[in-house]
Amino acid sequence: MIYIQLFITFFKIGLFTFGGGYAMISLIQNEVVVKHQWVDASSFTDMIAISQMTPGPIGINSATYVGYSVTGNAFGSAIATFAVSLPSFIIIFLIAFLYTQFKKNKWFDAALSGIKPVVLGLIGAAATLLVTEENFIDWTSWLIFGAAFAITQWGKVNPIYIIILAGLAGYLIY
Amino acid sequence: MNIYLDIFSTFAKIGAFTIGGGYAMLPLIKSEVVNKKKWLDEKEFLDVLAISQSAPGVFVINMSVFIGLRVKGKGGSVIAALGSALPSFVAILLIAMFFDSFKDNEVVQSVFKGIRPAVVALIAVPLIGMSKGMNLNRYTSLIPVITLLLIVAFRISPIYILIAGALLGIFYHYLIKR
């Protein structure tokens, strides 16, 4: 049943997300685009663009969006959003309960030190997997990519403005 | 004001007014929770922040659950998480409902042709800062490269690689470094 699948998928995504929204993209992509094929690569890219321009974290935004596009109703959105948030409750309750032990838990710190470089690879993989023929249709796409990269990296410009500028460029060019 | 209502409206405000991901919310969370409501002091806030960052899950939801729990127990945490998730839930739901109907519009099509490569760039940019901040050496810098290859070329689920990374971290600290 699709609702149960949605629930399990987003619960897994919530449970294994370390290091913020961008790291989450790779997990969502693997589950939603590669494994279940609920959304194709270019719709997935559009969804990330939309989630950068709307309030709220990528995790919540993508759960709501995918939940709707898979089931066609708001209940699907609610299930996916609830599922992606549920691990936070379980884990934070647990940590709050064991607060003092957790604060200086060497095992956890050791595990985290191995997870951090993996997260870097996850983000790299998320970006690499989005380099598709649908997202990069011609050389101007690469020009936009280069400009967006340079402006964000050295100009410290808010991502929202980058998306607006790129949208404007798309409107003028295509 | 009723405390639950207060928690809800505070976190709904945080959820509604921060655009562009979890960390953009941080300054607003701090000014609301520490300066205005005085639910936490500076030090407690830093503790909550550190734990929310290292625990798995959506960062903002972790923060909301933790702060809600501190203020008014389990009920408070549910209300806080609900408050911070609701604005994005409603916004995205509305967009998802109507996006299909204007997705095939020519203007929308060309706008998104411009946006897509920029989104890929936005995802790639943090890689530079993050890799500098991690102080990777010759061996540890192989981990992100291998991760990328496993995912892109072999379609291995990131979940397995994360578990392997955690085990590698524990193995290294308890067996090799000792």
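Reply: Let's begin with domains, whose bounds come from an automatic or database domain assignment. In chain A that assignment gives domain 1 (2-131) and domain 2 (136-174). Their centres, taken over C-alpha atoms, are 26 Å apart. Where they touch, each brings a few residues: 4 from domain 1 of chain A and 4 from domain 2 of chain A. Contact here means that the C-beta atoms of two residues, placed from the backbone, lie within 7 Å.

A word on what you're looking at: this is a predicted model, where local features need pLDDT of at least 70 and side-chain atom pairs count only at pLDDT 80 or more, while totals for chains, interfaces and linings use all residues. Residues are numbered from 1 along each chain as its sequence is written, and chains are lettered from A and ligands numbered from 1 in the order in which they are written.

Now to the part you asked about. In the contact between the chains, 91 residues of chain A meet 81 residues of chain B. Several helices of chain A give two or more residues to it, including H1 (2-15), H8 (139-155) and H9 (159-173). H7(A) gives the most, with 20 residues. Helices are DSSP runs (H or I, at least four residues; strands are E, at least two), numbered from the N terminus. Sorted by class, chain A's side has 57 nonpolar, 31 polar and 3 charged residues. For that count, Ala, Val, Leu, Ile, Met, Phe, Trp, Tyr, Cys and Pro are nonpolar, Asp, Glu, Lys and Arg are charged, and the others, Gly among them, are polar.

Let's zoom in on chain B. Pro117(B) sits in helix H5 (residues 106-124) of that chain. It counts as buried because 28 other C-beta atoms lie within 10 Å; the cut-off is 20 or more, with 12 or fewer for exposed and partly exposed in between. Leaving out residues up to four places away in sequence, Pro117(B) touches Asn135(A), Phe136(A), Ser141(A), Trp142(A), Ile144(A) and Phe145(A). Counted that way too, Ala118(B) touches Ile144(A) and Phe145(A), and also Ala148(A), Ile162(A), Ile163(A) and Ala166(A).

Ala118(B) also belongs to the largest nonpolar core, which has 103 residues, and is one of those touching the most other members. Such a core is a set of buried Ala, Val, Leu, Ile, Met, Phe, Trp, Tyr and Cys residues joined through C-beta atoms within 7 Å.
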